[in-house]
Structures are given as C-alpha cells and as structure tokens.
Amino acid sequence: MAQSLELLLIQFLMPDNDARRQAEDQIKRLAKDPQVVPALVQHLRTAKTPNVRQLAAVLLRKKITGHWAKLAPQVKQLVKQSLIESITMEHSPPVRRASANVVSIVAKYAVPAGEWPDLLPFLFQCSQSPQEDHREVALILFSSLTETIGSTFRPHFAELQALLLKCLQDETSNRVRVAALKAVGSFLEFTNDGAEVVKFREFIPSILNVSRQCLAAGEEDVAIIAFEIFDELIESPAPLLGDSVKSIVQFSLEVSSSQNLESNTRHQAIQIISWLAKYKANSLKKQKLVTSILQVMCPLLAESSNDDEDDDLAPDRAAAEVIDTMALNLSKHVFPLVLEFASVSSQNANPKFREASVTALGVVSEGCAELMKDKLEPVLQIVLGALRDPEQMVRGAASFALGQFAEHLQPEIISHYASVLPCILNALEDISDEVKEKSYYALAAFCEDMGMEILPFLDPLMGKLLAALQNSSRNLQETCMSAIGSVAAAAEQAFIPYAERVLELMKVFMVLTNDEDLRARARATELVGIVAMSVGRTRIEPILPAFVEAAISGFGLEFSELREYTHGFFSNVAEIMDDGFVKYLPHVVPLAFSSCNLDDGSAVDIDESDDENINGFGEVSSDDEAHDEPRVRNISIRTGVLDEKAAATQALGLFAQHTKSAFAPYLEESLKILERHSGYFHEDVRLQAIISLKHILTAAHAIFQCQNDGSMKAREVLDMVMNIYIKTMTEDDDKEVVANACMSVADIIKDYGYMALEPYMSLVVDATLTLLREESTCQQLENGSDLDDEDDTEHDEILMDAVSDLLPAFAKSMGSHFAPIFAKLFEPLMKFAKASRPPQDRTMVVACLAEVAQDMGDPISGYVDRLMPLVLKELASSSATNRRNAAFCAGELAKNGGEPALKYYNDILRGLYPLFGESEPDDAVRDNAAGAVARMIMVHPQSIPLNQVLPVFLRVLPLKEDHEESMAVYNCVSMLVLSSNPQILSHVPELVNVFAQVLLSPAETSEVKAQVGGAFSHLFSLYGQEMQPILSNLPPAHANALATFVPKS
C-alpha cells in the first residue's frame, strides 16, 4: 500500500483537476483499511517534498480516529514515535504544525487510556529546548491539547503557567512569544477556576508587550488574541485590579484610534472597552479612566466608514455602543463629558462632527435620562439646530436623536412639544428619504405619550401622513404607518374623523403577498389594531370581521414579523371587544399556540480551522468529526422567532383576561406554555409569560367558580402561578421580569386577599427580603468584586419601585397583623433612605412608608421617631415628587402614629407651610400638604392653632390635581362645619365658594360631593337668609349646584 499511496499523494498535488479527482477517489478507498495509518506515517517521515509530508499528516489527522482502536500496540508505538520525530526533526514549519495537529487527536484517545505517559514530559522538555522550533511547536501543542485533554494538565497548572509566562517574555524569538500568546488564550478559555484565572493577571504586561510587537510587525491577526484573552479575564468573576485595567484600557484606546489598522482589529479593541464598561464599570471609575475613554470614543463617532466595510465593524458604530454602555453604567460621569463634546462639535465645520454631536446625545439618552431631563433646554437647542443643518447626515442623526429622546425622556420631553413638533413636521418634507424615515420614527416616539396636547397639531399632521402614505416608497410607508399609530393612540376619540380613511388604505396593505411587501403588511395589521383601540368597540365592531379574516390569512405567508404584529392586532381587538371577542377564539388561539411552540432556531457559527485545506483537501471527510467538538465562536439567535413568541405569549394572556370563562377550552394548554415560557432562555418571552400568568389566573378563577370541584382546581392554578412568581423574584436574572413578578404578586394580594395567599406568605416575604437586601440573582453584578460604592449608586427604577409596592400590598391585606413582617423588612428598606442614596430612592421609601402607615395603622407608632426626621427633611427636597410623598407620609404618620407623633406637630406644620405658598410650583404637592393638615386636624384638633392654620389651608382649596386627597380634606372641613367650630365659621364666604366648585367638579366622587353638600346644608341651617348675598354673588352654575342642598323649609 505504501508505494501506491505515495504516488496517489503526489498525483493529488498536481494542478490537473481530473488527475486530482482520480487520486482523491482512490485515497478514500484505501483510507478504509487500518493499514493506511502506518503507510501515512511512513510518508510523513520519508517523503521527499514537504507538500507530500504535510498532506500525509493532514490525512492521518482525518482518518486516525476511526482506526486507532484497531491498531496493534507496536503500530501505535510507531505512530507516536514518528509524530514526536516529525515535531522535533522536521524542517518545514507547515509539516511540524500538521504533525502537531495529529498528536492532538491521538492524545485525545491515548492519554486518558494511559497509552502515552511520556507525552507531557516530552512537551515540557521540548518547551525548554535551546531550539526555537522546538519551543514553538511545544507551545502550539499545549494550545491544541487543551481542547482534547485539558483536564490532564490540571495537576501541572502552576508549572504550565510559569512556562507560558517565561515563553511570553522570550527575548530571542518572536515566534515563541506569539505561540505563547496563543497558548495563553487556549488555557484561559479552558479554565473555569477563579483562582487559576487570577494567576493570569500577572501575564497582562507581557501580553500587551507581545501584542504591540505583533501590531508593529503587521501581524494583526495575532495581536487580536490579546483582546480575546482580555475578554476572558473581564468576564471572569475574579477581580481585574488596578493598574492592569489601566494598561488594558490604554492599549485598547491606542488600537481603537489607529486608522491604519484593520476594522476587525479596531473593533476588537473597542469591544474590550465596552465589556469593561459593562462588567468592570467601578474599576473604570476608580482608575479615573472615563474621561480618557470618552475623549477617544466621542471623536470616533465622526469617523467615516468605508463603503465596502461591514457595518457591524465600523468604528463609529462600535464607539456608539461603548458610549451607550458607559451611559447605562456610569451616567453621572458620562453625561457632562458627552454634553461638552456635543456642544463643541455642533459648531464644527466638519459635518461628520456635527453628526457625531447629535448621535452622542441620542445614544446616551437612555442611560443618562435623569441628568438629561435637567438639561433639556441646551440639549434640544443642539438637536433642533442640527435638524436644520444643510447636510443630510446631520439632519438624519438629529431625527434619530429626537426619537431616542421621545422614548427615554418622558414625560419631560412632552412639555417641549411646541418647539419640537413643528421641527419634526418640517423634517417630514426633507428631500432625503433617510431623514424622512428617521423623522417618522421621531414623530412616532414623540406623539405616543402626548395625549390631548396633540390636538392642535392633529390636522396638519394627518394631512402630511396620509399624503405620504399614498406617495412614498415601501420603507417610508412602513415608518409612516408607525407614526399614524402613535398619533391615533394619543388622540383617542379625536382620531375618529381620520379613522375611516386610514382603515380604507390599510385594506390595500393587508392583502399584499409579495415577500418585499410583507413588512408593510405587518405594520398595516398593527395600525388597524391601534386605530380600533382609539375609535372604540361601537364603531369598529361592524367592520372588524374583514380585517380579522385578512389578518388570519397572513399567517400562511411564513413571515415571522407579520405573525408577530398579527398577534398584537388580535390582542388589541380582544381588549376593545372584551366578551365580543369570544367568537374569534377558535380561530386565533390555535395561531398563538403554534407561534408559542415554534422551534427557537438558534443559529450557531462553528469556527473550524482551515489550515488543512491544502489545495481543497478539506472535503475529505474526517473520522473524527463525529467525536470532535469544534469551538463555538458565537451564537446568534433568529430574533424574529423570539419576537413572535413574545407577542403570542402576550396575546394568550390578553385573550384570557377579556374572555374569562369562555377561555376554558384553552386553559390547560395555555398554562403549560406559560409555565414553560416563564423559564425561557430569553427575557422578552419570560416577561410576557410572567404578565400573562396573572391574566390566566383571573380567567381560571372565573372558569372554576361555577364547577363542583372548582375551588380545588383554582387552588392548583394559584399554586402554580405563585410558585413561578416566587422563584422568578429571586432567581431570574432580568430586572424587568422580576419587577413584573413583584407587581403581579402585589395585584394578586389585592385581588384575592390575605387568606388566599396565606400559604405562600412566608416565601413571598423571604423573596421580598432578598430583593430589599439586593441579594437576588438579577441584582448581582456580573462580578462580585466590582460592587458599586454606596454613595455612587443610581436609583433602580424598574425593579425597586416594584419591590417597594409589595409592602403596601401586604399592609392593605393584613392590616395591623402586618406588624411582625414589617419589623423584618424595615431595616433593609431604610437602607434606601440614607442621605448618600439618590433622591428617587428616598422618595420611594417615603411613599412606601406612607402607604404602610395608612393601612397597618397603630403599629406604625413604634417607628415614628426613626421616620419623622427623614420625612421632615424630604418636605424641603428640590424634587416635587419627594415633597409630595413626604407631605402624604407626614399626614399618615400624624394620623396613625399616636402619642409619639404628637410631639412633631409643630415641626410638621413648619415643614408644610412653604408648600402652601406661591413659591410651590406643583399643585399635587400643595394638595398633599392640605391632606396632611386635614389628617392632623382630624386626629388632634386641639393641637393645631386653627386661627393661624385655617386661612392658609382654605386658600389652596379646592384641590387641583391629586383627588385621592379629597376624602381626607373635605371630611375634615365638613367635620369642623358640622361641629360648628367657631374658627371655621369665620370663613363662610370662602367655604361656600369651595363647596360650589367641588360640587361642579367632574374629578370628585359622589361620596365627596355628598359630604360637602351636607356641610353646606348645615351652614344654611345656621345662617338661613344671611347666606343669600353670598349665593347671589356666585356664578349661576355654582349657585344652582348648591341649591340642591338647601334644606326644605
């Protein structure tokens, strides 16, 4: 065989394709015989040309797995001996590397079986050899062996690390340093032990050194390995201390800003900064690196990318990602620098810098939202100026930034509608389609939350949008539909005059079937649902069947985005139609089930080395392929399927919520899906499952209440739902998912009462305690060592506001029995009230305590001395929300705090007094201050100097905004009137005026009006005809409202 094989190997390397094909067929036939192994080994050692020797090694690697077990011990020995000789004596580097690859495969089987005990000693000896080639090949083998027999190295780890460090610092050979760098990369990928990873920290200076040398020599592909190593180090839980972070950042910034390097190299460097911002934000802050990073990243936004460059690798895009991540994790350090960059760059003669200035502001608007809201004037000045820029790219970036602001700077951004909307309307007329498209996006985001403020703009807006919808490219039509949806959602009933025209146009889109039109069809389907929500059931019901039919037919078109938007459409229709949706359930629920049960379609890219593709011989199949585990370089998910699943999961919940007992045939399957999806790998699907479970519980309750064994079945469903929620609260790693679990638990407690929840109460309380202590999975930073300084934390609005809603829910359902549980939760809650915490944390605590005091009652008195200093301080806060909550809390503590609260009355009155004056800009704050005074008067009237307090108190009535305070305020006024209190009776004209306004107010309840009417009736019985002049001075509507309560003589 050996002789014929040699001829075939030579023939295979010929340029003649036919000869090659014949050789390949014959080699495949011969390769089925185990004797091919010694024959190939012989050619590996004796063939005259390096090409043939290399080819013999490549074939050996591919075929040895299938034959190894069948080989006689002496042949195995020959193979091992020949491979060692090839590695140490071969002159050709490609042949040496190919032989090393065979060693890697043979070792996979021979070492664990104890058949190659001298391999490791040989490699250690080789790595110390004076010959450069030997040292290099030993390191190459260490690299490849980590993938096949990595566990064998465990006992020798310390030796290996010392060896690698020595080779990284090898001053005589660049090749050895590079091989050592690659070996470090392989070892780090294999190592999971934190203590072992820590030891690699001392390698960082040497790694940087080798990487810099590689860059200088133009070996960028090798230099990139440094970034892969840093990636592993950053993501490991072990801390990356001090100077090493500084040197990694400095190197990454040098590479990021070197325009002469390949895009991929620069992208890897920028990515490292992004990972550091995500996983080691605190280190960046402590090392004072934020400024130097932004000084490089912000100008990168202005770098032009080559037209042939992959967009994902473009430096400007990668820099934007870094700035976004830094804004999310280090907002207070990032925003001032970005605003300064934007202000200066907005005046730059280079349009790329003007574009970068608004891009930077758009990118940080999510992470720096709270800081940006305080600087909206200067920020908008830059962006609205850019919207008028002569350059299209600048106008496009400005439109994008406005869309981001509209999304993230609510509600403050809406108050600027008078300056923003006209600019967006102008931009809709832009000559550039790109600017138009981004302007529709901005318009859609901006209008969504405008509510009635949109009415003055409705006509010009709809005129432009309807015209654009009929005369634009498909792309523009899609974003235009999105904008119309936002306008409809804001305008509600005021949209009726435009609804018919829009729906007629949508019919045209909802029958499109060409692939390139399906995205537009999806948008149209969504828009019909939104318009239906705006105009209401009565108008939409008669014309709905045709749209539902069109939506269902779209399901057969195999376009995930269309199915996603169709589920959203059905969800909206269920909400409008309520019980009228029952007839559609048999048609739409199976569609939701099919989307929920779709295959996830995870796409995995495998990184296979192509070293062995010698002249195309990579096609020869390898016996080892069935056993080999190639390295997975990255996992990409088909997000279309995820979005579709999330929409279908949401739809099931809404169908159940609105059809209640009629949902019975689908309950069991829905519960199975939601249970499965509550543990799904992607948070968007988990989130919808968590929200939908509560709606399914409502439906189950309705279904089972009329069945004999219903209460047992209902309990089973409650059991499943509560167990999922409790597990989610502590174990899910996504804050929004956990927040929704908390809100659902709070709602269930309110809906079903304490008795129904009693079996789960101790687990719910434990989970709440874990969240308040910030010890749940979603609150763990990605590394234990990088915990934030307490004085630099930011308010966790998504999660902690939801957690703090649980305590009032407990108090409401348990009353004074909540006291022992509250005692457990009190200290962890008060941690958020420290002076070092952000103002939003403190007001969250104060609001929570106020509601607990309201419902727990007397036991709150034991906490008054701890709480009152905090509440009094918050009354003077610069934030209106803080002042409002503090006023409410002061009133509840006074009402239920008993004797301990009494000594604070004068302090409370002093703190509340400024909130009644002209200097208080917020009506809701004033209303809550009035509520607090009312509660104090009700509990201890004798402790209040009514002659001084009442004139101030009555001056702010009637209440303007927070009508939840009405009951307390008008109850107090009525009590004083009905008891004929002389202090209040000196204010009869003011009282009559207030009573009349309350009786006419659409915001007040009939209960409040009855109370006020009773008080007026008492006044009339006291003063009779003396009231006539007061009444005649009132507007007729006011006098008529009061006349109803004049006692019949």
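Reply: Start with the cavity count: one cavity of 30 Å³ or more turns up. This is a predicted model, where local features need pLDDT of at least 70, side-chain atom pairs need 80 or more, and totals for chains, interfaces and linings use all residues. Residues are numbered from 1 along each chain, and side-chain values use heavy atoms, without hydrogens or water.

Me: What makes a space a cavity?

Reply: On a 1 Å grid over the protein atoms alone, a cavity is a set of points where a 1.4 Å probe fits but cannot get out. Its volume is the space filled by probe spheres set on the points, which are joined across faces, edges and corners. The largest cavity holds about 40 Å³.

Me: Which residues line the largest cavity?

Reply: L5, I27, A31, V36, L40, L59 and K63 line it; a lining residue has an atom within 4 Å of a point. Two or more of the lining residues come from each of α3 (36–46) and α4 (50–68). Helices here are DSSP runs of H or I with at least four residues, strands are E runs of at least two, and both are numbered from the N terminus.

Me: How is the lining of the largest cavity divided by residue type?

Reply: Six residues are nonpolar, none is polar and one is charged. Ala, Val, Leu, Ile, Met, Phe, Trp, Tyr, Cys and Pro count as nonpolar; Asp, Glu, Lys and Arg are charged; the others, Gly among them, are polar.

Me: Why is E492 called partly exposed?

Reply: Buried means under 20% relative accessible area, exposed over 50%, and partly exposed in between, with a 1.4 Å probe and protein chains only. E492 has 45% relative accessibility, so E492 counts as partly exposed. E492 sits in the loop between α27 (474–491) and α28 (496–509).

Me: What makes the phi of E492 worth a look?

Reply: Phi is positive, about 50°, and E492 is not a glycine. Most residues other than glycine have a negative phi. K660 also has a positive phi, near 45°.

Me: Which class does K660 fall into?

Reply: Partly exposed, because its relative accessibility is 36%.

Conventions: 1 Å grid on protein atoms, 1.4 Å probe; cavity = no way out; pocket = protein on both sides within 12 Å on 5 of 7 lines; lining within 4 Å.
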